[in-house]
Amino acid sequence: MNMQRVLALAGKELRKVYREPALLFMVIIFPIMLTVAFGATFGALGGGGDSKYAVGVVNLDKSATPWAGAFKKGISDTGVLVVNDYQDNSTAAKDLLQGNIDAVIVIPADFGASIESFRLNPGDPGSWVNSTIGLSLDKGSMIVSAVVPPIVQRALSTTIYGDEAASAPQPVRIGDPTMVASSQLSQFDYMAPGLFAYAAIFITMTVAQAFATEREQGLLRRIAVTPTTSSDIFVSQILANLATGTLQVAIVYVAARLMGFHAVGGVAEVAYAFVIVLLLVTCNIGFGLITASIVKSSGAATGLSFLFILPQMLLGTFVPAPQSVGGLVPSYYVTDALTSIFLRGAPLTSPAVLLDLAIVAAMSIAVLIAGVLAFSRFGRS
Amino acid sequence: MLDIELDSLTKKFGEKTVVDNLSLGIEKGELFGLLGPNGAGKTTTIKILCGLLEPTSGAARVGGHDVRTEMHEIRKLIGVCPQEPAHYTFLTGRENVELFGRLHNIPKDLLKEKTDELLETVGLVEAASIKTGKYSGGMIRRVNLAMALVNDPTIAFLDEPTVAMDPQTRHATWDFIRGLKARGKTIILTTHYIEEAESLADRVGIIDMGRLIALDTPRALMEQNGAANLEDVFIKLTGRKIREET
């Protein structure tokens, strides 16, 4: 590998970003527009901070413990959800179907026993009584789907641990186990972490287009008759897209803050955001290479890249998805980690945050290797 | 001393033989014209010599290096002007030339000097700061040539370099090619303009259906075939049937 060649090719890629209007829009202007639009619509600037959602709570807990009450209080204290008590699940479900409420939360019969068992033996998960909170959402409302689950998780964590660190073990499987520091969050706050990942996943399209176009126009062949190696080409693409990704993270962060994003944390948390989004960028470079290996033209590259973009967009950004499905795409872990650190003030050393980072890193390496191999084998001609 | 040697070089695509048992040698400093109808195997031969295709059988050496095993060494010696111009439309003419200079590891100060010289030679000084996406067909051909020669190659492969050029630009390009030869470069020129080969080439090889059917100086070929010009020789040897490239 030769750095002069790598930098020459990377410089060429960066020039393309600011000289080609379509690419400039996709990489820079689109994330700004998206962040501003979401901030204006769902953030405090758009009045989103004052929105409240009615949730029905069915308390089936039979224990004489105070935990179910504490949990309900935790939900109310967020200021976003208004609790309506129900005696039975069917009445609550009926009201949800009729649109009278936005969600139903069912506190299970062994809820108190579960927390008590944890408090008795916090270090022995085998002795815990496991329980699961039921949650039904109005599927017709993307906002409800985005806002309610994190609030329920936060209230549950607060009930169990108080203000303890998120790294503590849990008696119940909680998808997002970290603490929320702020109690006055807007809908935009819950969506903003997804915007970081949202911008980065479109790198798949730009990389696929870049390689398909260069192949189509004979530029890859032309470069192949110079001393340039495959490593020079791949590394230059990675460097150029990491630079673009860095700019995207900075733009989304600044735009989101300007639109009222209540991000918790300081320099270290922002640095973490850069690192994990750049890993996602690397992963999407791999997806882009795989796409370019399959397609025969740059036009087809645009279309087929959505094979990788859509799942990441729908399952791993600001549209909430259960972990069983969302966990299949790398953007899910990026959004999850950024939600934890920016929204709930989770320490960077907490297991959940570190695990997200490790999963994204592993996925990125695997996908990038697959992309390089696929393009080297099938994509050159 | 031979700069390019082809020994029973054969290239097949499936059942189709595109280059058939081709053997020839090109001297150092020679300007060699490779002629043939559409689909004769000219571009395939050049692609093998540049490392873009692997031969099916036979051997070829460029600058003393084997095309199968020493392409990395060969790439340092060669400059290739492809038949279809390939350039970055979002870069200016100067940036395109400089980019390929950097890919050849040319030091920065030397690269600027070399780029200036080439842009002047191909008549693109005034258009040097314009993006090549706005260039005319002739200008694109010229910048394509400058990109191919920025590394001052020992061996230049010019695959139909004057297609779509107006007569003035074509003659200027011919002068440029003669200048390269005067500087001792080995040049392999493929062209459909037979008078171009007649005017420029020391020797001409005519290939048809992958086989070498004639090889000599233009004058000797005309004498051998009792023809008034090289185009008549070409038609006599390859026939009047129109060929389609597939």
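Predicted model: local features only at pLDDT ≥ 70, side-chain atom pairs only at ≥ 80, totals over all residues.

Biologist: Thanks! What makes A:Val319 count as partly exposed?

Modeller: A residue is buried if 20 or more other C-beta atoms, placed from the backbone, lie within 10 Å of its own, exposed if 12 or fewer, and partly exposed in between. A:Val319 has 16 C-beta neighbours inside 10 Å, so it counts as partly exposed.

Biologist: Where does A:Val319 lie?

Modeller: A:Val319 sits in the loop between helix 13 (306-316) and helix 14 (323-326) of chain A. Helices here are DSSP runs of H or I with at least four residues, strands are runs of E with at least two, and both are numbered from the N terminus. From A:Val319 to A:Met191 there are 128 residues in sequence and 8.0 Å in space, C-alpha to C-alpha.

Biologist: Why is strand 3 of chain B called largely enclosed?

Modeller: In strand 3 (residues 31-35) of chain B, 5 of the 5 residues are buried, so the strand is largely enclosed by the rest of the structure. B:Leu31, B:Gly33 and B:Leu35 point one way, B:Phe32 and B:Leu34 the other way, and all are buried.

Biologist: How do you know that strand 3 of chain B pairs with strand 8 of chain B?

Modeller: Two strands pair if DSSP finds at least two bridges between them. Strand 3 and strand 8 (residues 186-190) of chain B have 4 bridges, in the parallel sense, and B:Leu34 stands opposite B:Thr190. Strand 3 of chain B is also joined by 4 bridges to strand 9 (residues 203-208) of chain B, running parallel, with B:Arg203 as the bridge partner of B:Phe32.

Biologist: How do you know that the span of helix 10 of chain A agrees with its number of residues?

Modeller: The expected span is 1.5 Å times one less than the number of residues. For the 29 residues of helix 10 (residues 230-258) of chain A that should be 42 Å, and the end C-alpha atoms are 42 Å apart, so the two agree. A:Gly260, which follows this helix, has a positive phi, near 100 degrees.

Biologist: What makes a set of residues a nonpolar core, and which members touch the most others in the largest one?

Modeller: A nonpolar core is a set of buried Ala, Val, Leu, Ile, Met, Phe, Trp, Tyr and Cys residues joined through C-beta atoms within 7 Å. The largest has 174 residues, of which A:Phe196 and A:Val277 touch the most other members. Helix 11 (residues 267-294) of chain A gives the most to this core, with 13 residues.

Biologist: Which residues is A:Phe196 in contact with?

Modeller: Contact requires two C-beta atoms, placed from the backbone, to lie within 7 Å. Leaving aside neighbours within four places in sequence, the partners of A:Phe196 include A:Val249, A:Ala273 and A:Val334.

Biologist: And how many residues does each chain bring to the contact between chain B and chain A?

Modeller: Chain B brings 20 residues and chain A brings 20 residues. Helix 3 of chain B gives the most to the side of chain B that touches chain A, with 4 residues.

Key:
Residues numbered from 1 in each chain as written. Chains lettered and ligands numbered in written order.
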